[in-house]
Amino acid sequence: MDTYLSEKYSILDGTLIALRTDETEVVIPAEVQGHRITRIGGGSCIAKNATLIRVEDGIREIGNMAFCGCTNLKKLILPEGVELCEKEMVISPLLKRGMEVLIRRKVSREQYEELLRHSFLVEGGERLVQRSEALLSVFQGVLDGFAGVRRQLDAHTLNSLMPLILDSRMKALYFVEYGGILGELSFDGQRERLNLDGPAAPSEEKEIMASQRRELVKLLLKEMPEGLYDNDSELFWDQKIRNHNKIYPNKLMLVRFQEAGVEERDGQVVIPFRLTVEKAFYATLVRIAYANKRYYVLRRNFLMGKKEMPILREDYLEEVYDETGEPVSEETRDVVLAKYLLAAKIL
Amino acid sequence: METGEFLKYVNVVLAGSNRGCMEQALKELRTILKRRGAEQEKLDLLKNLASFSLQIVNVMEKKPGEELTMEDLNEVIRQGNEWVEEMKRMR
């Protein structure tokens, strides 16, 4: 039995049961005065001024809500191989508060290649990772944390968000939040079903979502000011849907890493992941003139930090609607999207 | 486990803590003390305390800067049970 109690650290049998400090940058060591720390106990850290906490190598586990007393925390740096897979949330509450979590994870060469395949370059030279089996295997514990919140939501709230949740073409790992985290999404055709009321037939579900989205577009069309329309322009007006957060999700969990920071060690690959939940996912309704008719493209943007980033990829574009808010034929859609991409200098 | 030692640990995890952390910290302490072979009575006390963080804060506020005694912990439990009864009545 090992006991160490001091003003700053209190350790019982390898578990840090209390950390009390006013420091702004905190390092939690794996050893204090000869007393090993292998676990950071649940609810143990009270460091109200801390903006950065670095957990040293050697600490293997983190208890539930270990950092919930670190109310100003912006960045948490975790060691490679630390166990996050608790029954309840560990770092998910921190992510939800807008904190950044840096964590190095060891993966096999195959997993790394899969992560590369399911990711794409974004600003700053980072790769934004899409949902994939490899990513799920690395971050299952974090995902479980989000899933825990999802179960608390009522079906009505969820249904009101369904139009935005389903049928998107965005290819990244997201979690949508409205009040709490709603559900895990993937937009690569492998999405997880959100079945609070039991499973619905896929075709039936898709039909319901399509009709709800049409209603939304109609609503937006009514709000679009007529005066801004100009027949001579290619790209007319972006109707930002920022005021529709009640029906539009506004937070995403993003998983990124810098290829330059990846190391190979003992036949395995160590990846420095950066996890954030960002206010994001604005939708934009873009008006396009084509063959003397008006069409509307529903486009998605997301925020990288404070900077709004339009998604400059054709496959991120949403459906095209006519003036009545009804989706157009596939043929017309392709032409209008091509026109939009040209106008927006995306092609 | 001696009461003095038990109280020392309880006060360590509660000092400066907030309601959200208290519950988890007390659960963590219970796990460790169970492994150390603490008496069932003390483990039960920790379990009950973890459910009554609001009452812990109330009792702590009445004696700022002072450590909690067994009487204080019993007062927390008494207030907590009273609150539970009140909730039952309201239903």
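1. Helices (H or I, at least four residues) and strands (E, at least two) are DSSP runs, numbered from the N terminus. By this assignment, chain A has six helices and 24 strands, and chain B has five helices and zero strands. Along its sequence, chain B follows the pattern α-α-α-α-α.

2. This is a predicted model, in which local features need pLDDT of at least 70, side-chain atom pairs count only at pLDDT 80 or more, and totals for chains, interfaces and linings use all residues. Residues are numbered from 1 along each chain as its sequence is written, while chains are lettered from A and ligands numbered from 1 in the order in which they are written.

3. Confidence in chain A calls for comment. Its mean pLDDT (the predictor's confidence in each residue, from 0 to 100) is 65, and 50% of its residues reach 70 or more. The pLDDT is below 50 over residues 143-206 of chain A, a stretch with 104 contacts in the model beyond near neighbours in sequence; two residues are in contact if their C-beta atoms, placed from the backbone, lie within 7 Å. Residues 309-317 of chain A also have pLDDT below 50, with 20 contacts beyond near neighbours in sequence. Where pLDDT is low, the predicted coordinates should not be read in detail.

4. On burial, a residue is buried if 20 or more other C-beta atoms lie within 10 Å of its own, exposed if 12 or fewer, and partly exposed in between, with C-beta atoms placed from the backbone. Buried residues make up 36% of the 347 residues in chain A and 27% of the 91 residues in chain B. Of the contacts with a separation of 6 or more, residues 24 or more positions apart account for 56% in chain A and 60% in chain B.

5. The contacts of A:Ile17 extend into both chains: leaving aside residues up to four places away in sequence, A:Ile17 touches, among others, A:Ile11, A:Leu12, B:Val12, B:Val13 and B:Leu29.

6. At the interface, 19 residues of chain A are in contact with 18 residues of chain B. On the chain A side, the elements that give two or more residues are β2 (9-12) and β3 (15-20), and the largest share, four residues, comes from β3(A). The residues of this side divide into eight nonpolar, nine polar and two charged. Here Ala, Val, Leu, Ile, Met, Phe, Trp, Tyr, Cys and Pro count as nonpolar, Asp, Glu, Lys and Arg as charged, and the others, Gly among them, as polar.

7. In helix α4 (residues 53-62) of chain B, the buried residues are B:Ser53, B:Gln55, B:Ile56 and B:Met60. Seen down the axis of α4(B), these fall within an arc of 155°, so they line one face of the helix; the arc is that of the directions from the helix axis to the C-beta atoms. On the other side of α4(B), B:Glu61 and B:Lys62 are exposed.

8. A:Asp266, in the loop between β19 (263-265) and β20 (268-279), has phi near 50°, a positive value in a residue other than glycine. A:Asp266 is exposed, with 6 other C-beta atoms within 10 Å.
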